[in-house]
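Subject: Handover of a structure, with findings

Dear colleague,

Please find below the structure that I am handing over to you. My notes on its helices and aromatic rings follow it.

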Amino acid sequence: MKFVEECYRKVKPNCFKFISSQETKENKFKNKDRMLKKFLIPFCFWIKSKVDKKKPFILGLAGGQGTGKTTVTTIVTIILTKYFNLKVFKISIDDFYKTRKERLALSRKIHPLLMTRGVPGTHDVNLISNLFKEVKKNKFTKISIPKFDKSVDDRFSKNKWHNVSSKPDVIILEGWCVGARAQSISQIKKPINSLERTKDFDLKWRKFVNLKLQREYKKIFSQLNSLIYLKAKNFKILQQWRIKQEKKLWFNSKKKKNLKIMSKGDVINFMQTYQRITQNMFKHAPKYASIIFKLDSKHQINSAIYKKK
């Protein structure tokens, strides 16, 4: 407890500054002290115990849309950097989305639904694989990683990409489908929403996505040293959180041209493409994740389960 308090005093100004930058008039973060002291600082002590200076500790952080993955990842990065003096590189799997041009080609070749970013098959997994390969080398050299602009549904120009200039001690890969596993053919045959019934009646899209999980994504996720899972109560609450997220994106991007911001109806339709994998992770991710943070309906972490791994 003494070390937690010491860490809290040191990181509080930076953490609170970041949290306030994420708040809006309608949505204020509550119980910030509790979140840090009870959950995120102890979590950082756990990460520190796993770090091997010879090679990076690769951590996956998963959770449905709007669960606060980016917020948690940023706060954890602040704590690990400020208190533990670790080099941390955090990246979202979203940053590895294929370009609009690449997805358009995929949608014409395989299935129209692949124009919509999100599901396995719409990321450039070779870039993720290359990142993991490069950071494990004894002689590390600078590497550039794409950055994705959701407001225009395409990558930022290269001058705005992430630059990893020194070998990280910790890599955090966060994303809604990080650590997701494939289903059986019998499981994917039964449609779970109207989008699957009407837009994927021949199973082409579902089979393609499932095969990607079974092959390329399995190889990527097998390289994670640990998986952390942010577990929301249900899919409906994720929809509400994602709608709030889109409003925030609009507020932060309204000066840009050619915006691709979604309406409430768009978000609900968009999330149908995520529903199958999200619900499968609700059921199975807690069985194989190293740590499960359970979230309440107010977006707060209310419990943490550490597995013996």
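In these notes, a residue is called buried if its relative accessible area is under 20%, exposed if that area is over 50%, and partly exposed in between, using a 1.4 Å probe and protein chains only. The model is predicted, so local features need pLDDT of at least 70 and side-chain atom pairs count only at pLDDT 80 or more, while totals for chains, interfaces and linings use all residues. Residues are numbered from 1 along each chain as its sequence is written, and side-chain values use heavy atoms, with hydrogens and water left out.

Aromatic rings

Rings of Phe, Tyr and Trp (for Trp, its six-membered ring) pair if their centres lie within 6.5 Å; planes under 30 degrees apart count as stacked, over 60 as edge-to-face and the rest as tilted. Eleven aromatic pairs are present in the structure. One of them is stacked: the ring centres of F43 and W46 are 6.1 Å apart and the planes lie at 25°. These two residues are three apart in helix α2 (residues 32–50), about one turn of the helix, and both F43 and W46 are buried.

Charges over rings

A charge sits over a ring if NZ of Lys or CZ of Arg is within 6 Å of the ring centre and within 35 degrees of the ring normal. R181 lies over the face of Y288, 3.6 Å from the ring centre, and K147 has its charged end over the ring of F156, at 5.7 Å from the centre.

Helices (H or I, at least four residues) and strands (E, at least two) are DSSP runs, numbered from the N terminus. In α1, a kink of about 55° lies at V11, shortly before the proline P13; the bend at a residue is the angle between axes fitted to the seven residues ending there and the seven starting there. The buried residues of α1 include V4, C7, Y8 and V11. In α2, a kink of about 35° lies at L40, shortly before the proline P42. L40 is itself among the buried residues of α2, as are F39 and I41.

With kind regards
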